[in-house]
Amino acid sequence: MSTEGTHTGKFRAEHFGTLGAQKDAAHLGMWTFLATELLLFTGLFAVYAVYRWAYGGLFHEAQKHMDVLLGTVNTFLLVVSSTLVALAPRALEAKRTHVATLLLLGAIAMGLAFLVLKGVEWGHHAHEGALPGQWYAFEKLRVPGASLFYTLYFLMTGLHALHMLIGVVVLAVLAVRLRRRTITAEYPVALELGGMYWHFVDIIWLFLYPLLYLA
Amino acid sequence: MSPPPAEVPSYLTAEAGLWSWLRTKDHKRIGVLYLVLVLLFFALGGFFALALRLELLTPEPDVLGPMAYNRAFTLHGVIMVWLFLIPSVPTTFGNFLLPIMVGARDVAFPRLNLFSWYLFAAGGVITLWGLFQGGADTGWTFYTPYSTTSGTDVLPILVGVFIIGFSSILTGLNFIVTVHTLRAPGLTWMRMPLFVWALYGTSLIQVLATPILGMVLLLVAVERVAGIGLFDVGRGGDPVLFQHLFWFYSHPAVYIMILPTMGVLSEVICAFSRKNPFSYRMIVLGTVGIAFVGFFSWGHHMFVAGQSVAGSGAFGALSMLVAIFTSIKVFTWIGTLYRGSIVLSAPLVYALGFIFFIFFGGMTGVAVATTSADVHWHDTYFVVGHFHYIMVGSALMGFLAALHYWFPKMFGRMYPSGPAIGSAVLIIFGFIVTFLPHFLLGNMGMPRRYATYPAEFQALHVASTAGASLLAYGFLGIAGYLVWALVKGPLAGDNPWRSHGYEWASHSPPPAANFLTPPEFEREPHDYTVVEAPRVY
Amino acid sequence: MSELMRRMLFLPEAASTFATRVDGLHFFVIGMSMLVATGLAVVGLVFLVRYKRRPGDAPTTPRVEAPHWMEALFLSLPLTFFLLWFVIGFLDFSWFNSPPRGALDVYVMGKQWMWKFAYADGPSSVGVLYVPAGRPVRLLITSRDVIHSFFVPDFRVKHDAVPGRYTQIWFEAPRPGRHAIYCTEYCGLMHSRMRGEVVVLAPADFEAWSAQEQGGDVATLSPFHEGAEVEEARGPMAARGRRVAAEKGCFKCHTEDGTPHIGPTWLGLYLRVERLKSGEDIVADEAYLTRSMMDPDAQVVAGFLPVMPTYLGQLSATDAAALVEYIKSLRPARPGEAVSQEPVYVPTSR
């Protein structure tokens, strides 16, 4: 304990007894935050479940007009980026800070690629008129209630994309801090928390993907 | 034993100037900042309550027209629920006392705590701006499709409440982490002060329920802006789905308002009857039980909204379980008086009022949770009476009890006892006169949110308005003597009540660091088998 | 005794069979609460006086904790009562939610800010609901704009009027009389003016009123030759339903003679048990038929595609009611039974 205190005193806020307690608090705080985030999405999942129950066949029809290839590529991008982010703390622990930075930069690039592909897909839907509610003008599926699928599609992927955007900014800040050596192997909590957030965003997508594209 | 307070400046005087307050990370100062805002909002909401009561004095519109009335009750509801009741106890007394009660120097994330306050202030300003410049007429419940089609300015209020919700989540998160990681060595879960337990249960609800509210408000906002059709029947949507999502938050939100004040009650009753809680376990069980089962009873708001009969049955039965957790607390509080050494002072008067009112609020809650009986009472003044017994009779009385119990702790000065007890009695009496007629009005069939009403309801409305004016005088009285006490009140000393609660183990008002030496809580809180109050660290 | 309780609690006259049933529970819950409140107040007061701190009292108190049996008692005793009330209440609630067969059907439509009523056999009215005494009345409630709530305090009856769906409640008023209707779900500017009246007539008076109202409606229908023919066999409301069906193009997908087509045939549809796509069985009653017009995809019968458009906002309450009546009139021919018959309502008493 004493060695930890002398080495890492500069990281410890004075209201925490030990650095360990501070780490625990940071992790617990992040988990609680993620629980909140999960429930935010749960609201949308509940709405999706209700309308899917009511319009089961219709949702299935609508899914046939989704671009499964783009969706799958995006899934691949997110899973790989998550892996990269997961490797970063390992690299940092091994004192290979530049490797950790590169891993984050890779994840950022993939995140941005995801957002670009998502944008292309949205553009495609908009062009076809497959838009929410009053904007709905999709010729291939002119059945009442079909607009609900696209409403939910845009809401869910939109909220997810917003989280992705935040995640990319977080990763960028982490990369800069790694480069400036303000995150080190002695106290890598910020990197761990940023990673947790990125994984969470990834996991949400792993639910959105089958719900919207596959089944 | 410990250095006299004069040598160490209190948190109030540690730094000077308004700027030092606005950038403070001290949980005590943040608590005071919240207190200022919350009291302002309460005064505003109370003013509009009076306007409503004045209008209801006669059956026909004379003070406010129907439009103004509809806006005024929306304003009253939105302000009281989101700007006063939900933040009232946790953000003020919770922020101030939770770290002290667990023997910590601050909450886990002080910067986040200040950020929550700014979010709350920003959300409050946006909401108020929306309420005053445009004025929504949807009621605080924002039921679709009315809220998505109303021509009034609903959007800023949705945004404001969304931001306040975010602030509420961050406060809850902070408290949860604080309780888990910052308890003083030896302070086990089953020895925590009951107020801390109450705050912990509240925080869990805040963190888990508020995001659903955020989502549903967002959906209504997007519906208004972009016409996405989620709650629009013409596009295949279901307006009742909104009610399910809304009450999934807003029913637990009732417990966000009431649980912390129940915690206050446990502290006040113990301190002024100088007794250990009659059953610590039952209070903890009640707190955790309410926090848990409260999530599964939202459907009792929809017995006559077209929900399936079986669904109504399930929600009705679960609501009975929530009620039992409240009733065991009432028994425990009364049991605590047994063989005590009771000192009748202002906080205890409020506490006794609270017990009485929560009993009636709770029993009428059971009544409206009884499926067949609710068919008559739903959306009548009976329901208005029921939730005002909980929100005003209980939550507000609890807030006032806390204010009077911890005023010397927070500001180091004492208010005069006579006027305080007088105001308390006036407020309790005024409350009964105001809200008891509501039950009878509801029985007669008077629907809520009526700007005008048939003449046969008038007599009871007049009684209610008369009671409201008594309440107003009571609050003016409190404002008077508390302001006086703040400036000129006699110094209170470290522990004027000689209470054995943990929060009194620091100086009053506490120094910026809370404790000058690390505290040790050797005995249970409110152990009065010994003479000495807890040592001041 | 119950009359005294009713007056003490300011409850209005109990003017329906449901009101007399549910008032008993009201008295039980409120009376019990008052009793326990008095008990608690007395105990609290005794403690306050007996254990008030007096000069010279020791500053310590003994440690007193509730024994286990007392904790168990505090938990179980109130819970027993709560659950008892729940059971009584839920039985009444289920009774209230299952209309007896053969009740008089009235279609109720709420709109900002009035109530409209349409009867299965033709007449309609605004603001005033005429019903016969001593006969169950089923209300099929919907709304044209926002959510309203139909409330008759004297009957202790209330239900939300939700746009896009029909909900049903029923009541039986034993005596003739007049009773206020309020809207209890906030619906905008004139919410508090959205009132109406139920007029309960003696059965003979109701028949007279109904006949008089029908006379007016038949006149408007008579120019349609075919309509007049159908009317003769099935009643004016069904005739109007057939006309509406022709105007709205229902026969593009539905047949009236049992021939399979895009949508289910209407012959013998009423009260037929249908299996839905979800595997669930439903009975094609009034609620299902009206719902299928307004929200066709919600419950699609297995074997059919969800292709029917919604008629929400395109059918008036009376038209929707007429359609339902027309479908009800399409019964398959069976030996010994008339091909088609005006639906006969037999008052059922419980």
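The crossing of α3(B) and α8(B) is left-handed. This comes from a predicted model. The two helices, α3 (residues 66-101) and α8 (residues 239-273) of chain B, pack at an angle of about 40°, with their axes 8 Å apart. α3(B) also packs against helix α4 (residues 110-133) of chain B, at an angle of about 165°. Chain B touches chain C and chain A.

**α3(B) with α8(B)**

- On the α3(B) side, the contact is made by B:L85, B:I86, B:V89, B:P90 and B:G94.
- On the α8(B) side, the residues are B:A253, B:I256, B:M257, B:P260, B:T261 and B:V264.
- By class, this contact has nine nonpolar and two polar residues. It has no charged residues.

**α3(B) with α4(B)**

- The axes of α3(B) and α4(B) lie 11 Å apart.
- The angle of about 165° makes α3(B) roughly antiparallel to α4(B).
- α3(B) passes α4(B) in a left-handed crossing.
- α3(B) brings B:L75, B:V78, B:L83, B:P87 and B:N95 to the contact.
- α4(B) brings B:N113, B:F120, B:G124, B:T127 and B:L131.
- The residues of this contact divide into six nonpolar and four polar, with no charged residue.

**Chain B overall**

- Chain B has 15 helices and zero strands.
- The radius of gyration of chain B is 23 Å, close to the 24 Å that the globule rule gives for 537 residues, so chain B is as compact as a globular protein of that length.
- Along its principal axes, the C-alpha trace of chain B spans about 75 × 45 × 45 Å.
- Of the 537 residues in chain B, 67% are buried.
- Take the contacts in chain B between residues at least 6 apart in sequence: 85% of them join residues at least 24 apart.

**Chain B with chain C**

- Chain C puts 72 residues into this contact, and chain B puts in 69 residues.
- On the chain C side, α2 (17-50), α3 (68-97), β6 (148-152) and β7 (157-161) each supply at least two residues.
- α3(C) gives the most to that side, with 16 residues.
- The side of chain C that touches chain B divides into 42 nonpolar, 17 polar and 13 charged residues.

**Chain B with chain A**

- This contact takes 29 residues from chain B and 28 residues from chain A.
- On the chain B side, α6 (155-181), α7 (194-226) and α8 each supply at least two residues.
- The largest share of that side, eight residues, comes from α7(B).
- By class, the side of chain B that touches chain A has 18 nonpolar, seven polar and four charged residues.

**C:V283 in chain C**

- C:V283 lies in strand β12 (residues 281-283) of chain C.
- C:V283 has 11 other C-beta atoms within 10 Å. The cut-off for exposed is 12 or fewer, so C:V283 counts as exposed.
- Leaving out residues up to four places away in sequence, C:V283 touches C:L271, C:V273 and C:Y288.
- C:V283 and C:A15 are 268 residues apart in sequence. In space they are 32 Å apart, C-alpha to C-alpha.

Key. Residues numbered from 1 in each chain as written. Chains lettered and ligands numbered in written order. Predicted model: local features only at pLDDT ≥ 70, side-chain atom pairs only at ≥ 80, totals over all residues. Contact = placed C-beta atoms within 7 Å. Helix = DSSP H or I, 4+ residues; strand = E, 2+ residues; numbered from the N terminus. Nonpolar A, V, L, I, M, F, W, Y, C, P; charged D, E, K, R; others polar. Rg over C-alpha atoms; globule rule 2.2 N^0.38 Å. Buried ≥ 20, exposed ≤ 12 C-beta atoms within 10 Å, placed from the backbone. Axes fitted to C-alpha atoms, helices over the stretch in contact; angles between N-to-C directions. Left-handed = near helix turned anticlockwise from the far one by under 90°. Parallel < 35°, antiparallel > 145°, perpendicular 65-115°, else oblique.
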